[in-house]
Amino acid sequence: MYLIGLIIYLVICYLVADKIGRHKKIGFTKTLIACILVSPFVGYLIAEGSATAEPRGCKWCGNSENEAYFCGVCGKNEEGDIGPHFKDVQK
Ligand SMILES: [Zn+2]
């Protein structure tokens, strides 16, 4: 009956790699290997900590790694509005 547990374990590993790792820079294969070798939970944390594979970037300051709605460097969104937490800094 260990086979059922093994199959469930591998399915959880696959789901973490497919749903999280595939959309991150770490990728599907490395996430799947981390899940199988260590544990799906640790693999999930590693994948979640990896940067997004296709960040939205920022056209105002050229920060190509930006993932947030408001850019982390210049604080602008795509329309050029400055985020609420950046207005205080630029006074
Ligand atoms: Zn920016």
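Two notes on conventions. Residues are numbered from 1 along each chain as its sequence is written. The model is predicted, so local features need pLDDT of at least 70 and side-chain atom pairs count only at pLDDT 80 or more, while totals for chains, interfaces and linings use all residues.

Overall layout, then. The protein chain has four helices and zero strands, and along the sequence the pattern reads α-α-α-α. Helices here are DSSP runs of H or I with at least four residues, strands are runs of E with at least two, and both are numbered from the N terminus.

On dimensions, the C-alpha trace of the protein chain spans about 65 × 20 × 15 Å along its principal axes.

The protein chain is divided into domain 1, residues 2-49, and domain 2, residues 55-91. Those bounds come from an automatic or database domain assignment. Taken over C-alpha atoms, the centres of domain 1 and domain 2 are 32 Å apart.

How much of the protein chain is buried? Buried residues make up 21% of the 91 residues. By buried I mean 20 or more other C-beta atoms within 10 Å of the residue's own; exposed means 12 or fewer, partly exposed is in between, and the C-beta atoms are placed from the backbone. As for contacts in the protein chain with a separation of 6 or more, 25% of them join residues 24 or more positions apart. A contact is a pair of residues whose C-beta atoms, placed from the backbone, lie within 7 Å.

The arc is that of the directions from the helix axis to the C-beta atoms.

In α3, the buried residues are P40, G43, Y44 and A47. They cover an arc of only 105° around the axis, which puts them on the same side of α3. F41 and G49 are exposed on the other side. The packing partners of the buried residues of α3 are α1 and α2.

How do α2 and α3 meet? Their axes are 6 Å apart and the packing angle is about 145°. From α2, the contact uses T31, A34 and C35; from α3, it uses P40, V42, G43, I46 and A47. The axes are lines fitted to C-alpha atoms, for helices over the stretch in contact, and angles run from 0 to 180 degrees between N-to-C directions.

Next, single residues. F41 lies in α3 and is exposed, with 11 other C-beta atoms within 10 Å. I12 belongs to α1 and is partly exposed, with 16 other C-beta atoms within 10 Å. Between F41 and I12 there are 29 residues in sequence and 9.3 Å in space, C-alpha to C-alpha.

Where does K24 sit? K24 is in the loop between α1 and α2. The residue counts as buried because 20 other C-beta atoms lie within 10 Å. Not counting residues up to four places away in sequence, K24 touches A47, S50, A51, T52 and A53. K24 and L45 are 21 residues apart in sequence and 12 Å apart in space, C-alpha to C-alpha.

Last, N77, in the loop between α3 and α4, where α4 is residues 84-87. N77 has 15 C-beta neighbours inside 10 Å, so this residue counts as partly exposed. Leaving aside neighbours within four places in sequence, N77 is in contact with Y69, F70 and G83. From N77 to K59 the separation is 18 residues in sequence and 8.9 Å in space, C-alpha to C-alpha.

Notes
Two residues are in contact if their C-beta atoms, placed from the backbone, lie within 7 Å.
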